[in-house]
Amino acid sequence: MIKIEGIAAFVAVVEAGSVSEAARRLRLSKSVVSERLAELEKTLGGLLLHRTTRKLTLTEDGTAFLERALRIVHEVEEASASMAERRGTLAGPLRIAAPVTFGRMHLGPALYPFLAEHPEIALTLDIDDRRVDAASEGYDAIIRNGPIADSRLVAWKLAPSRRMLVASPDYLAKVGIPRTLASLQEHRGLFYTNRGVADWRFQTAEGVAVVRAQLAMGMNNGDMLRDAAIAGLGIALLPAFIAGPAISEGALAEIDVGSTPEPEFIYMAHPEGRNPSAKLRAIADHLKKVFGDPPYWDRPAS
């Protein structure tokens, strides 16, 4: 009979990348984790992992087993959390991925009071600007600034995300201020590469207009994109929650080209077909309330 402890050990080793790190996360000895993994492989009749002194890699059988193992562990964790929720307690593990800049500037400060109020929630928050695959990587939810194109995800809007066309005062003094969408094409552009395309999209009376400026630099982090604009390297289209403070300090200036950037939203998205837990819904409701509509970073200073 397959034991859930063995499946949990296998999943932990894959996610941690090593037996020792998995043991630390599970609060078990390394030998216990190894024994559970070996027992699971014996029961299944095949190797799940290739082991070397430097790394562990999934075998073909391990790759096939992993998706179901993740689902089993998730279901057991959710069943345990559901029992706690029936008693009126939000509890159990939760794994969420979020982009670096938004996570540091706004998500973390919004979550800390909620987690202090619900200490039985064990949240793992992975801050990473790459486009994670929520379903296959075992996340309960992801948070994104911008459209969710993955049809396997169910998205909840947390807050509007207004974007601003900005550049440093020095850049604009040297090169000139663009006043139209057409004039933008003659300027140096700083682009967020995770979108996959080096362009900017604006709303006009005729529909959506796509502008492609001269590529000066591309990067996958909002902080660095802002800093490159402050350094005078070109024009960037940034969320207000990133650009706002730099504009207030005079390090960046907003540019008006007569058209508004396409609206975007900050979303929380969970894998389709996976019933979201009460604690995930509670976190989403809390974030909506804290961020507001319009969000607090868009409101005039009082």
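**Close-up views of a predicted model**

**Figure 1. Packing of helix 2 against helix 3.** Helix 2 and helix 3, the latter spanning residues 30–44, pack with their axes 8 Å apart and at an angle of about 105 degrees. The two helices, helix 2 and helix 3, are therefore roughly perpendicular to each other. As in every view shown here, the coordinates come from a predicted model. On the side of helix 2 the contact involves Val 19, Ser 20, Ala 23 and Leu 26, which meet Lys 30, Val 33 and Ser 34 in helix 3. By class, the residues in this contact of helix 2 with helix 3 comprise four nonpolar, two polar and one charged.

Figure 2. The side chains of Glu 21 and Arg 24 form a salt bridge, with an N to O distance of 2.6 Å. Both residues belong to helix 2 (residues 19–26); because they are three residues apart, Arg 24 and Glu 21 are separated by about one helical turn. With a side-chain nitrogen of Lys or Arg required to lie within 4 Å of a carboxyl oxygen of Asp or Glu, the count comes to 14 salt bridges.

Figure 3. Five strands are arranged in the order 4-3-5-15-6 to give an open sheet with mixed pairing. Strand 4 (121–127) and strand 6 (153–161) are the edge strands, and each pairs on one side only. From one strand to the next, the twist averages 20 degrees. Within this sheet, strand 5 (residues 141–145) and strand 15 (residues 264–271) run antiparallel and are joined by four bridges. Ile 142 stands opposite Ala 269, a residue of strand 15. Helix 5 packs on the sheet and touches strand 3 (92–98), strand 4, strand 5 and strand 15. The direction of helix 5 makes about 170 degrees with that of strand 4.

**Figure 4. Crossing of helix 5 and helix 10.** Helix 5, which covers residues 100–117, packs with helix 10, residues 278–291, at an angle of about 115 degrees. The axes of these two helices are 10 Å apart. Helix 5 and helix 10 are therefore roughly perpendicular to each other, and helix 5 passes helix 10 in a right-handed crossing. Helix 5 contributes Phe 102, His 106, Leu 107, Ala 110, Leu 111 and Phe 114 to the contact, while helix 10 contributes Ala 282, Ile 283, His 286, Leu 287, Val 290 and Phe 291. Sorted by class, the contact of helix 5 with helix 10 contains 10 nonpolar and two polar residues, and no charged residues.

Figure 5. Asp 293 and Pro 294 are joined by a cis peptide bond, for which omega is about 5 degrees. Pro 294 is located in the segment that follows helix 10.

Figure 6. Strand 13 runs antiparallel to strand 7 (residues 163–167), and two bridges join them. Val 166 stands opposite Glu 254 of strand 13.

**Figure 7. The surroundings of Asn 194.** Asn 194 lies in the loop that connects strand 8 and strand 9. Leaving aside residues up to four places away in sequence, Asn 194 touches Asp 129, Arg 130, Arg 131 and Asn 220. Asn 194 and Arg 131 are 63 residues apart along the chain, and their C-alpha atoms are separated by 7.4 Å.

**Figure 8. The hairpin of strand 9 and strand 10.** Strand 9 (200–204) and strand 10 form a hairpin with two residues between them. Strand 9 runs antiparallel to strand 10 (residues 207–211), and five bridges join the two. Arg 201 stands opposite Val 210 of strand 10.

Methods:
Residues numbered from 1 in each chain as written. Predicted model: local features only at pLDDT ≥ 70, side-chain atom pairs only at ≥ 80, totals over all residues. Heavy atoms only, no water. Axes fitted to C-alpha atoms, helices over the stretch in contact; angles between N-to-C directions. Parallel < 35°, antiparallel > 145°, perpendicular 65-115°, else oblique. Left-handed = near helix turned anticlockwise from the far one by under 90°. Contact = heavy atoms within 4.5 Å. Nonpolar A, V, L, I, M, F, W, Y, C, P; charged D, E, K, R; others polar. Pairing = 2+ DSSP bridges.
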